[in-house]
Amino acid sequence: MENDAVSLTAVTKSFRAVRAVDGLTLAIPRGQTVALLGPNGAGKSTTIGMLLGLIPPDSGKAVLFGLDPGQAVRQGLAGAMPQEGGLIPRVTVGELLTFVAGTYRAPLPLGQVLALAQMTGLENRRVDKLSGGQAQRVRFAMALVGDPRLIVLDEPTAALDVEARREFWSGMRTLAGRGKTILFSTHYLDEADEQADRVVVIDRGRVVADGTSAEIKKIVALTTVSVTTSGEVSWLGDLPGVRRLEVRGDRVHLRSADPDATVMALARAGAVRDLEVTPADLEDAFVALTAKETV
Amino acid sequence: MFGYIRLELLRTIRDGGYVIFGIASPVVMYLVLSNLALAPGDERSGSIVTMVSMAAYGALGCAFNNGSGIGEDRSAGWLRQLRLTPLGPVQVVAGKIVTGAVGVVPSIAAVLLTGVLVNHVELSPGQWLSIVGLLWAGTIPFALLGLGNGYALTGQTASMANIAAFLGLSIVGGLWVPTMGFPGWLRAIAEWTPSNSYATMSWHVAAGTAPGARAVAILCGWLAVFGLYALYAYRRAGRTA
């Protein structure tokens, strides 16, 4: 059987008293684009650090293409863009990328990398004279210049404006189209929703949901049914499908797993004043998934 | 690894700190000091002593500057980025050491050439070769101290520590002003410093004698100390990178 691109088995990592990653298991088959979605401090960067061999796990096992992560990186199978840093002063974009390319066995031609990272024409610019967005693109270019099979990006679009973000994802889709395995972390829900084949939601160092973005929305399926009411409202929480009840002023928001049944029950009870039904979005799912853990 | 050395050398020659501390300042100080004739003996031998002192001073500047570069690289996340390429950690450290060793050469050459061209210093070919060789190889302990600081401390702090060590060792070691003029207690300290032993070897050669067993022994002792320090700092930095 062909090895998975990434395989994490029950990896755990603590920093002093804080358990950053807690028995996390994740397998990514080759060619998939996976979003690692979670709030700040969820353990995304630590997970990425362990799968790249930068951080040794306290327990559990990280494997890339059937190899020890450090070994896989040495063989040029992975390219990565850490959350920050990695740029040095006093060299040009071209010099830096040529150097990184030279460490791999079969790198991409410089021109192609510059085009993919939307940096054409900037190769003679000093790295320390670039704007924030341009610097981010150089960092992206360093991750892909070696033409690795697995590309790992930790919060790749954090410093980018909307336009730059759009261009960045178009470059990423080109790579995904070439059969690359891509893992990126983000706390932007729309990015995970739009760009990934599969979304892995992590919180407090554990996987709390794993599937396509449609599947994740369905797991939690929190369609919101809102009505205007007066008086006692707690009975609304017992209606079919209702999972949570929120009262804001005279509006009651019912988070429902079965909105049809909820609406029918409301109608039977004659309580459909100013009825409003809002479909679930990933943000709701995300909030629900990560909030659930605090209870 | 060749590509890495090439990249690092490019960065070195574009580094203002390297050009100022490693090349410009020793050459200028040499021209000034040799014409003030602070060194003992007649003007000719004084000029030779000062030439060796300033070449040693410049070489130390380069060696420490290289170490500060590591501190900068660590702060910039560059060492982590290198760990994400197929380049191995041994190649990275070896590349940095080679870069440091190569970077010292222009500095030594600049001062010695100024000696020949401006102050008309004349030595036998054997003496020239020995001096270049001793000044070059003798920077290793300082390079290790500089690297140790680079790994033990972060960016700005590493640079400060290296500049302090560089200037302190240069002055106390008698590279600026000969130790003859020092008070007795300071001279006693100076004779145990690595910088004084380092320059003493070449001063001896320039005066036509052997490098001196005592100076070689002291410098080797410091080599061991700084080597262990660099190793310790490197291991510690590896755990937190």
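User: What makes residues 51-229 of chain B a domain here?

Analyst: The label comes from a record: an unreviewed UniProt entry annotates residues 51-229 of chain B as "domain: ABC-2 type transporter transmembrane". Such an annotation may be inferred rather than shown by experiment. The coordinates belong to a predicted model. In that model, residues 51-229 of chain B are 79% helix and 0% strand, with the end C-alpha atoms 31 Å apart.

User: Which residues of chain B are called a "transmembrane region", and how do you know?

Analyst: The unreviewed UniProt entry gives that name to residues 12-33, 45-64, 93-116, 128-147, 159-177 and 215-234 of chain B. Residues 45-64 of chain B are 100% helix and 0% strand, and their end C-alpha atoms are 29 Å apart. Residues 159-177 of chain B are 74% helix and 0% strand, with 24 Å between the end C-alpha atoms.

User: What makes E95(A) and R14(B) a salt bridge?

Analyst: The rule asks for a side-chain nitrogen of Lys or Arg within 4 Å of a carboxyl oxygen of Asp or Glu. The closest N and O atoms of E95(A) and R14(B) are 2.8 Å apart, so the pair meets the cut-off of 4 Å. Across the interface of chain A and chain B the rule finds two salt bridges.

User: Which elements of chain A supply the side that touches chain B?

Analyst: α2 (69-74), β5 (78-81) and α3 (93-102) of chain A each give at least two residues. The largest share, four residues, comes from α3(A). By class, this side of chain A has 15 nonpolar, six polar and five charged residues.

User: How do you know that chain A and chain B are in contact, and how many residues take part?

Analyst: Contact requires heavy atoms within 4.5 Å. On that basis 26 residues of chain A are in contact with 23 residues of chain B. The area buried between the two chains is about 2,300 Å², and carbon and sulfur atoms give 61% of it. L54(A), R90(A) and F99(A) supply 32% of the area that chain A buries against chain B, more than any other three residues.

User: Why is the pair D210(A) and R198(A) called a salt bridge, and where does it lie?

Analyst: The N to O distance between the side chains of D210(A) and R198(A) is 2.8 Å; the limit is 4 Å, so the pair qualifies. D210(A) is in strand β9 (residues 206-211) and R198(A) in strand β8 (residues 198-203) of chain A, 12 residues apart. Over all chains, the search finds 19 salt bridges.

Conventions. Residues are numbered from 1 along each chain as its sequence is written. Chains are lettered from A and ligands numbered from 1 in the order in which they are written. This is a predicted model: local features need pLDDT of at least 70, side-chain atom pairs count only at pLDDT 80 or more; totals for chains, interfaces and linings use all residues. Side-chain values use heavy atoms; hydrogens and water are left out. Buried area is the accessible area (1.4 Å probe) that two parts lose on being put together, summed over both. Ala, Val, Leu, Ile, Met, Phe, Trp, Tyr, Cys and Pro count as nonpolar, Asp, Glu, Lys and Arg as charged, and the others, Gly among them, as polar.
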